[in-house]
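Hi,

Here is the structure I promised to pass on.

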Amino acid sequence: MTESGRTTHAPHPEHRPDEDPGHGHAGHDHAGHGHAGHGDHVAEFRRLFWVMLVLAIPTVAMSGMFAMIVGYQIPVFPGSRWVAPVLGTVMYLWGGRPFLTGAVSEIRSRAPGMMLLIGLAITVAFLASWGASLGVLDHQLEFWWELALLIVIMLLGHWIEMRSLAQTTSALDSLSALLPDQAERITGETLETVAPVELRVGDLVLVRPGGRIPADGRIRDGVAELDESIVTGESRSVRRGVGDSVVAGTTATDSALRVEVTAVGDDTALAGIQRLVTEAQNSSSRAQRLADRAAGWLFWFALGAALLTAAIWGVLGLPDQAVIRAITVLVIACPHALGLAIPLVVSIATERAARGGVLVKDRLALERMRTVDAVLFDKTGTLTKGEPALIGVSGGDDVLALAAAAELPSEHPLARAIVAAARERGLTIPAATAFTSSAAVGVTATVDGREIRVGGPKLLEETGIAPPPHEMPAHATVLHVLADGQVLGVLALADEVRPESAQAINALHRLGSAVVMITGDAESVARSVAAELGIDRVYAQVRPEDKAAKVVELQAEGRVVAMVGDGVNDAPALAQADVGIAIGAGTDVAIASAGVILASSDPRSVVSVIELSKASYRKMRQNLWWAAGYNLISVPLAAGVLAPVGFVMPMSVGALLMSLSTVVVALNAQLLRRLDLRPEVVVR
């Protein structure tokens with residue numbers, strides 16, 4: 001029902017809508033994995049980690065240098081000295097393959113990063129270990145144990161990382177699912193059931209009450225209330241008649257329509273939204289990861305230090321020490337801790353977020369959220385509940401009870417809101433008979449022997465009654481209640497503002513963020529909600545394609561923008577924003593286009609995301625400084641910078657310190673578990 005009236009309708013039918021694991025990690029592609037392969041990568045890295053962990057146990061145990069460091073005797077049996085070399089070789093070629101292929105890709109792209117640093121370390125460790133095992137190099141260079149631990153730890157880090165990156169919903173599939181499975185094409189005097197893809201421009205289709213429109217078109221016959229919120233964001237249904245344009249995916253709520261198809265396939269509005277989502281997602285997926293940059297710096301640092309070490313020890317006339325020290329530098333420089341610094345923080349942060357009702361799909365979105373200084377909220381379904389509620393009654397509870405009785409048989413959203421309001425007030429709803437409804441006019445029923453009619457302005461025009469004076473809000477849908485041709489009272493209904501919205505906006509203001517509202521609703525509706533909530537800026541009557549443009553406009557002002565929405569019409573803007581945040585109760589496509597999903601519809605969770613981002617970033621920085629700091633200190637010591645004063649760090653000490661740095665990073669990340677992200681706690 002709208003202010004023009006409506007009829008009941010039947011509910012519409014539901015509309016249902018092998019690659020190597022290293023390939024996804026090549027070069028700088030950490031930040032830009034394709035969606036489709038994430039699940040496969042998670043499974044691959046999980047399997048690879050467990051297999052390598054099993055192989056690492058005997059490899060480490062049978063490593064001569066590890067036994068010397070720990071202080072035990074390796075059991076001797078035929079072939080025992082070859083256990084570590086053979087298993088270590090298997091681990092290098094099998095478990096190290098993702099890092100080696102990634103390293104090759106980084107070399108080709110001339111952008112050294114984490115993969116090249118890991119690949120360099122495991123290759124040097126592998127070659128040096130074989131040299132030591134064959135007696136060609138000093139026994140100190142037997143690194144089978146270090147090679148095994150390095151591969152296992154790095155696989156663990158990448159498994160955790162890929163699991164945090166896995167995305168379960170496809171935005172494009174969700175957009176396609178908005179179209180009905182079938183369309184009824186009118187051919188002469190017959191109806192032909194076809195798939196929407198078979199429709200052509202000029203075809204005439206029948207859209208039944210409650211059915212979705214299969215293609216963009218123009219109404220040739222009929223008048224109906226259309227629910228266009230899924231595309232336009234308009235919270236109220238819109239009356240459309242002969243000659244009006246309609247959009248694929250929208251729903252005729254009350255009456256049947258005959259629609260002439262004017263656009264199909266890529267020319268439809270829905271396809272346009274689809275393209276906007278794709279373009280925005282592609283353009284926002286090229287960000288560099290902080291750990292990759294740190295690894296790139298460490299690569300050049302380690303390589304330069306190794307070459308300098310070899311040169312200096314060679315000049316001093318100690319070629320054996322030159323080889324030992326240079327190889328030690330390259331192996332020790334490999335970032336055990338750096339490989340876990342980011343994935344561990346992200347994994348724990350996402351787990352804590354989930355407990356607070358926040359699902360983090362995109363690590364980069366989480367990192368960026370701390371810098372957001374403008375939060376753009378969609379109105380309908382985000383700041384408001386997205387459904388009508390009774391906000392005013394003139395004439396008292398008796399009028400409401402009579403209206404509820406007349407509306408009870410109707411399935412229209414406004415009818416349900418009137419009935420719900422009467423029940424919430426504990427009113428007794430009388431029995432009604434002789435229920436009828438008229439499109440664009442209203443409903444009629446007999447209640448306690450009186451004819452009760454409920455409808456908007458069209459009802460008054462039909463009965464010749466002048467609109468009575470009332471003080472209902474300008475943005476409300478106003479319905480009149482008549483008894484035997486006399487106006488008893490007026491009902492006002494509007495999309496209800498969420499009680500948590502004001503708290504969320506106040507908290508965002510305290511954090512220094514501007515709050516902007518964008519909606520397809522009328523200017524009067526938008527201004528009313530903005531005034532009630534204290535919103536800084538309002539964009540009203542915005543078309544779907546223009547929502548993304550508004551985000552660009554804010555970004556052009558130098559702002560870092562977070563977009564919060566729940567509908568298909570929000571999907572391009574969610575993808576274009578620096579951070580897209582979808583309300584979990586929203587559509588699949590909105591969820592798929594966002595980097596962060598609020599499991600509940602509580603806008604206060606946006607504040608939780610900001611707090612989580614800041615806390616996570618602090619931990620990432622601390623871990624990166626610790627991991628990189630270890631390298632900055634241990635590499636010069638391993639190179640022998642203090643040799644003139646009689647101190648050269650033994651390889652075994654460097655390796656143990658490297659493992660200790662990993663433990664410190666892991667423990668520091670665990671401190672994030674103390675964070676309580678429940679909205680009521682964060683906003684308090």
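**The whole protein**

First thing to know: this is a predicted model. The protein has 684 residues, and 55% of them are buried. You'll find 25 helices and 22 strands in the protein. Its accessible surface comes to about 28000 Å², and carbon and sulfur atoms account for 56% of that.

There is also something from the records. An unreviewed UniProt entry carries the annotation "transmembrane region" for residues 48-70, 82-104, 116-137, 143-160, 294-316, 322-346, 624-643 and 649-669. I looked at two of those spans in the model. For residues 116-137 the figures are 82% helix and 0% strand, with 24 Å between the end C-alpha atoms.

Let's start with α3 (residues 83-95) and α5 (residues 114-133). Their axes are 11 Å apart and they pack at an angle of about 160°. An angle over 145 degrees counts as roughly antiparallel, so that is the label for α3 and α5. The crossing here is left-handed. On the α3 side, the residues involved are Pro85, Thr89 and Tyr92, and they meet Ile122, Thr123, Phe126, Trp130 and Ser133 of α5.

Next, α11 (residues 319-332) packs with α23 (residues 605-639). Here the angle is about 165° and the axes are 8 Å apart, so this pair is roughly antiparallel too. From α11, Arg325, Thr328, Val329 and Ile332 take part in the contact, and from α23 it's Tyr630, Asn631, Ser634, Val635, Ala638 and Ala639. α11 and α23 make a right-handed crossing.

The last pair is α15 (residues 397-407) with α16 (residues 413-424), which pack at about 135° with axes 9 Å apart. That makes the two helices oblique to each other. Their crossing is left-handed. Leu400, Ala403, Ala404 and Glu407 are the α15 residues in the contact, while α16 brings in Ala415, Ile418, Val419, Ala421 and Ala422.

**Two buried residues**

Is alanine 492 buried or exposed? Alanine 492 sits in strand β17, and its relative accessible area is 0%, so it counts as buried. Setting aside residues up to four places away in sequence, alanine 492 touches Ala389, Leu390, Ile391, Gly392, Met472, Ala476 and Thr477.

Serine 501 belongs to helix α18 (residues 501-510). Serine 501 is buried as well, because its relative accessibility is 0%. Once residues up to four places away in sequence are left out, serine 501 touches Thr382, Leu383, Leu533 and Pro603.

**Three loop residues**

Glycine 534 is in the loop between α19 (523-533) and β19 (537-539). With a relative accessible area of 37%, glycine 534 is partly exposed. Which residues does glycine 534 contact, leaving aside its neighbours within four places in sequence? They are Ile505 and His509. Histidine 509 is 25 residues away along the chain, and its C-alpha atom is 9.7 Å from that of glycine 534.

Aspartate 484 lies between β16 (477-483) and β17 (486-497). Its phi is near 50°, a positive value in a residue other than glycine. Aspartate 484 has a relative accessible area of 47%, so it is partly exposed.

Glutamine 541 is in the loop between β19 and α20 (544-556). Phi is near 50° for glutamine 541, again positive in a residue other than glycine. Glutamine 541 counts as exposed because its relative accessibility is 53%, and the cut-off for exposed is over 50%.

That's everything from me. Enjoy looking around!

Methods. Residues are numbered from 1 along each chain as its sequence is written. This is a predicted model: local features need pLDDT of at least 70, side-chain atom pairs count only at pLDDT 80 or more; totals for chains, interfaces and linings use all residues. Side-chain values use heavy atoms; hydrogens and water are left out. UniProt positions are given in the numbering used here, feature names are shortened, and annotations may be inferred rather than shown by experiment. Helices (H or I, at least four residues) and strands (E, at least two) are DSSP runs, numbered from the N terminus. Buried means under 20% relative accessible area, exposed over 50%, partly exposed in between (1.4 Å probe, protein chains only). Contact means heavy atoms within 4.5 Å. Accessible areas come from the Shrake-Rupley method with a 1.4 Å probe; for residues, only the protein chains shown count as cover. Axes are lines fitted to C-alpha atoms, for helices over the stretch in contact, and angles run from 0 to 180 degrees between N-to-C directions. Angles under 35 degrees count as roughly parallel, over 145 as roughly antiparallel, 65 to 115 as roughly perpendicular and the rest as oblique. A crossing is left-handed if the near helix is turned anticlockwise from the far one by less than a right angle, and right-handed if clockwise.
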